[in-house]
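Here are some exercises to work through with the model open in your viewer. Try each task before you read its solution.

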Amino acid sequence: MGESDNNGMVSMEEEEEEQPLSPAARLFHSPSFNCYIIAILGCNTKFKPDVIKSGLEQTLLKHPRFSSKLVADDGQRWTKTIVDLEDHVIVPDLDPNIDFADQLVEDYISELTTKPMDLSKPLWELHLLNIKTSDAEAVGVFRIHHSMGDGASLISLLLACTRKTLDPEALPSVPENKQAGSTNSGGFWWFLLAFLSVLRLIWNTLVDVLLFGATVMFMKDTKTPIKGAPGVEHNIKKFVHRTISLDDIKLVKNALNMTVNDVVLGVTQAGLSRYLNRKYAGEAEIDGGEKHRKSNLPKSVRLRATILVNVRPTVGIQALANMMEKGSKTRWGNLIGYILLPFTIALQDDPLDYVRKAKATIDRKKRSLESICTFSGGVLILRTFGVKVATVLTHKVLSNTTMAFSSMVGPLEEISFYGHPLAYIAPSVYGHPHALTIHFQSYVNKMTIALAVDPNVIPDPYQLCDDLEESLKLIHDAILKKV
């Protein structure tokens, strides 16, 4: 879900005092779709609030969205305002010696999901929790309203505020997506293959658009133990994370000639199958038991994830840093389309089959214009019928699917947030009608799995983390056996 202003460009030099809200931004302010981005930053040192505030003044506050408030008289525009950082940087008084610090941090973040933001101020805040947890010396929590921008752009903007720990003047290095080279060899056979590829693209797109339309109207996922009931978007959310080895994921990727996304989707498919099999068995602990090896899953489970895809490239970190430092022009927000990705929920005899099936599904989706069509259809509906109709239809699509899924590549080296070295980055989102959101975020040689759950639906999110981690181990071990 992304936000793009009318001309798709933001200029610090040509910035206007008032800017209209884009249709997507207005959608995110509807009561049934009031979404927020959460970015949890684990830090290797205690936070120095004055240093953080000074850094924000030199960077984030120079971005128009972070120094503008919503004018609610007609609900249609941003207006420039003076930002008082005392209103946005919150440093709660916490006992550094408290027991169960991890639980305190989880409860603190969960409580944020019950509190709306003050619309009379810019719609962002940063909470600095100077309390030691099991994996960080302190925890920072950004909460940003989704109308400020889409998740990919906002995370990229936050990364543009960081620098390499070993080179404090250098921006983070983030891997770039490599495009496959052309296999054009000319001749009749190449022409025939190209023609068949176009036909397949058209067919796949037609099928996907019809299934998307059916989802809007009547097609619902199977009611499983992880699917939320109507109104789930209003419930309190709980955020947990688990760090796994990115090197293990890359070993599987290289052995099977896949992408990192193929592997993490395969791991997710395997982890969900294990978790649901446990739930259908009716036992809290079945590891190593007979019921664990036996499938207790229904024969046919329709379980789909909603994936948001940028139909134009995300703005680079360097461009965003230049915008804040030099006032140069750059795009803000993304043009976002939806993909509905089906998961195969079943226990596989060969752990590698989870990844193979995930890759086949992803490759099939790559040969479709589903995201472009859903984006174009959304724009048409917004312009023709208005925000209310668009909100109802978007809400129905998400309500009729089971979960949200996303993944982002992160820095290759350790980075520091205004001089504070980061241990992990765990982004997520809440306010949409899903009881489960899974996000994978890479950072150096680690991959963080961030879950946002409705605890009324998924009361044991750490068990799901365990199943995801164990699934990667089984897949990794299966690769080593073949070497």
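This is a predicted model: local features need pLDDT of at least 70, side-chain atom pairs count only at pLDDT 80 or more; totals for chains, interfaces and linings use all residues.

**Exercise 1. Work out where the buried residues of helix H2 sit around its axis, and which strands they pack against.**

Solution. 
- Step 1: H2 covers residues 49–58, and its buried residues are Ile52, Lys53, Gly55 and Leu56.
- Step 2: Viewed down the axis of H2, these buried residues fall within an arc of 160°, so they line one face of the helix.
- Step 3: The strands they pack against are E6 (89–90), E7 (124–129), E15 and E16.

**Exercise 2. Check the lengths of helix H12 and helix H10 against 1.5 Å a residue, then list the buried residues of H12 and of H10.**

Solution. 
- Step 1: The expected span is 1.5 Å times one less than the number of residues.
- Step 2: H12 (residues 387–399) has 13 residues and should span 18 Å; its end C-alpha atoms are 18 Å apart, which agrees.
- Step 3: Buried in H12 are Val387, Ala390, Thr391, Thr394, His395, Val397 and Leu398. Down the axis of H12 they fall within an arc of 160°, so they line one face of the helix.
- Step 4: For H10, the buried residues are Leu352, Tyr354, Val355, Ala358, Thr361, Ile362, Asp363 and Lys365.

**Exercise 3. Asn257 has a positive phi, and Tyr418 has a positive phi. Locate each one and decide: is Asn257 buried or exposed, and is Tyr418 buried or exposed?**

Solution. 
- Step 1: Phi of Asn257 is about 55°, although Asn257 is not a glycine. Asn257 is in the loop between helix H6 (246–256) and helix H7 (260–281).
- Step 2: The cut-off for exposed is over 50% relative accessible area. Asn257 has 65% relative accessibility, so it counts as exposed.
- Step 3: Phi of Tyr418 is near 50°, again in a residue other than glycine. Tyr418 is in the loop between strand E15 (415–417) and strand E16 (420–430).
- Step 4: The cut-off for buried is under 20%. With a relative accessible area of 13%, Tyr418 is buried.

**Exercise 4. Describe the surroundings of Ser68 and Arg77.**

Solution. 
- Step 1: Ser68 lies in strand E4 (residues 68–71) and is buried, with a relative accessible area of 6%.
- Step 2: Not counting residues up to four places away, Ser68 touches Trp78, Thr79, Lys80, Thr81 and Pro122. Its C-alpha is 8.0 Å from that of Ile82, 14 residues away in sequence.
- Step 3: Arg77 belongs to strand E5 (residues 77–80). Beyond four places in sequence, its contacts are Glu18, Gln19, Pro20, Leu21, Lys69, Leu70 and Val71.
- Step 4: Arg77 and Gln19 are 58 residues apart in sequence, with their C-alpha atoms 5.4 Å apart.

**Exercise 5. Find the mean pLDDT of the protein chain and compare the contacts for residues 179–183 and residues 284–291.**

Solution. 
- Step 1: The mean pLDDT is 87, and 88% of the residues reach 70 or more.
- Step 2: Over residues 179–183 pLDDT stays under 50, and the model has 1 contact for them beyond four places in sequence.
- Step 3: Over residues 284–291 pLDDT also stays under 50, but here the model has 17 contacts beyond four places in sequence.

Technical notes. Residues are numbered from 1 along each chain as its sequence is written. Side-chain values use heavy atoms; hydrogens and water are left out. Helices (H or I, at least four residues) and strands (E, at least two) are DSSP runs, numbered from the N terminus. Buried means under 20% relative accessible area, exposed over 50%, partly exposed in between (1.4 Å probe, protein chains only). The arc is that of the directions from the helix axis to the C-beta atoms. pLDDT is the predictor's confidence in each residue, from 0 to 100. Contact means heavy atoms within 4.5 Å.
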